Amino acid sequence: MNSLAPLSKPEVTLSLTLSSTSPASHDHETLKPEERGIRLIQLLLNCANHASSGNLHRADSCLSEISGLASATGDSMQRLAAWFASALATRLVKRWPGLYKSLNHTQQAKVVHLDRARALFSKTFPYLRFAYTIIARTLLHTMAHEQIIHIVDLGSGDSKLWVPLLRSFALLPYGPPQVKVTCISCNTSLLEKLGQRLTKEAEALDMPFQFNPLNVPLREVTVDMLKVRSGEALAFISILNLHVLLAEDDRVDAHFGDTKSDASVKNSRQMSDFLSMIRSLSPKVVFSVEQESDHNLNRLVDRFVEGLHYYSAVFDSIDATLGSVAGEERLILEEMFGREIENIVACEGLERFERHERYARWVVRFTQVGFRPVRLWYSSSSGEDGKEMMDAFGEKGYKIISERTSLKICWHERPLHAVTAWTC
């Protein structure tokens, strides 16, 4: 679809010049897929510029032409364009709060679909499963001689991470340690099901076990809630959750004259305070898995371009794994990513919580509060395991880029997720 995610489909570059006027219209019926993809990207970028500058008439004109080219059931570029166009339209409609609220008063009914989508994503794609494998191996290596282990899950609540981990702990040479899992989630049902599943698994393994559910948003977590006790070997795991703490009122920096460019690391008191709180507990290791893209930029057009690069690779990988024919699984997954796109494009301030950042910025945030990177347990043998895991997903487009202090999980050459570990 683009130069960062080569497929058998025609490639389309995103580095197109933005024009102030739309090129002559094409006969949409005669456009080849490559031409259609180029035209869609031109229109989307022009529309983002017009939406950012408040030129509603020209933005509407772009959306009108996009609607004739995009399709929720077309190829990956058409489907991606449909979601980005919808996000731009939502941004424009938000200028009339009453209209926006009236059109969106039933959206809460779709939350259950997002829960299904997250489970489906973990099951269907290798990104999280490979991350879980690396986290488990590094954690076992770090905790091999500990008798009391306390692990805090900062929001994933995925049994596919926890059940294999408990089984691995049971095989440690000195016998099963005492394990406590604290899981943070706003989903009460998820906490109940995970607690029951892990308690049953620990009983079967004859492992001393305690489950501490915290039904609160990540931003409201305090030290007392975590119930960390003396003598516990402490670890934290965040799976695609930590970035939500970057949400803030961006107008504050502007008001007080913070003129840092988007290329710098934006100040975030909430993130700094949270990482400092974790650091104060002296954990042996902190794991983080985050989207490898810059969606925490001030200018709409900048993060719009980043979003097109990132989600084009995501949608291509969906086609490669699930096929291009519309099915329930694909629709559920794309709704989840579509909501991320809408949050990145249509929202500002505290409402914009999908503020993904690249690994280099996370290095700055962690080191500023006193953490240092840890080598992930990724030996040559685990590398072969990782290759086999990726190859098992049919298309040989998934790969691992191993760097000194991070692992990046890619679709072709496009890093989509970064796995990192930190210690005090």
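Me: What does the accessible surface of the chain come to, and what percentage belongs to carbon and sulfur atoms?

Reply: Accessible areas come from the Shrake-Rupley method with a 1.4 Å probe, and for residues only the protein chains shown count as cover. Here the accessible surface is about 19100 Å², and carbon and sulfur atoms hold 52% of this surface. This is a predicted model, in which local features need pLDDT of at least 70 and side-chain atom pairs count only at pLDDT 80 or more, while totals for chains, interfaces and linings use all residues. Residues are numbered from 1 along each chain as its sequence is written, and side-chain values use heavy atoms, with hydrogens and water left out.

Me: How many helices and strands does the chain have, and what percentage of the residues count as buried?

Reply: Helices (H or I, at least four residues) and strands (E, at least two) are DSSP runs, numbered from the N terminus. The chain has 15 helices and nine strands. A residue is buried under 20% relative accessible area, exposed over 50% and partly exposed in between (1.4 Å probe, protein chains only). Of the 424 residues, 51% count as buried.

Me: Which residues touch the most other members of the largest nonpolar core?

Reply: In soluble globular proteins, nonpolar side chains tend to be buried together. A nonpolar core is a set of buried Ala, Val, Leu, Ile, Met, Phe, Trp, Tyr and Cys residues joined through side-chain atoms within 4.5 Å. The largest core has 93 residues, and Leu 44, Leu 139 and Phe 169 touch the most other members. Helix H6 (residues 126–143) gives the most to this core, with eleven residues. Another core, of 27 residues, lies apart from it and includes Val 216, Leu 218, Leu 246 and Met 277.

Me: Which residues are in contact with Leu 44, leaving aside neighbours within four places in sequence?

Reply: Contact means heavy atoms within 4.5 Å. The partners of Leu 44 include Ile 66, Met 77, Phe 84, Phe 304 and Leu 308. For the chain, among contacts between residues at least 6 apart in sequence, 77% join residues at least 24 apart.

Me: How many cavities of 30 Å³ or more does a search of the whole structure find?

Reply: On a 1 Å grid over the protein atoms alone, a cavity is a set of points where a 1.4 Å probe fits but cannot get out; a pocket is an open set with protein on both sides within 12 Å along at least five of seven lines, and lining residues have an atom within 4 Å of a point. Grid points are joined across faces, edges and corners, and a volume is the space filled by probe spheres set on the points. The search finds one such cavity. The largest cavity holds about 40 Å³, and Ser 288, Glu 290, Tyr 359, Trp 362, Ala 418 and Thr 420 line it. Strand S5 (285–291), helix H14 (359–368) and strand S9 (414–423) each give two or more residues to this lining.

Me: Is Asp 206, with its positive phi, buried or exposed?

Reply: Most residues other than glycine have a negative phi. Asp 206 has a positive phi of about 55 degrees and lies in the loop between helix H8 (188–204) and strand S3 (209–214). Asp 206 is exposed, with a relative accessible area of 67%. His 412 also has a positive phi, near 55 degrees, and lies in the loop between strand S8 (407–411) and S9.
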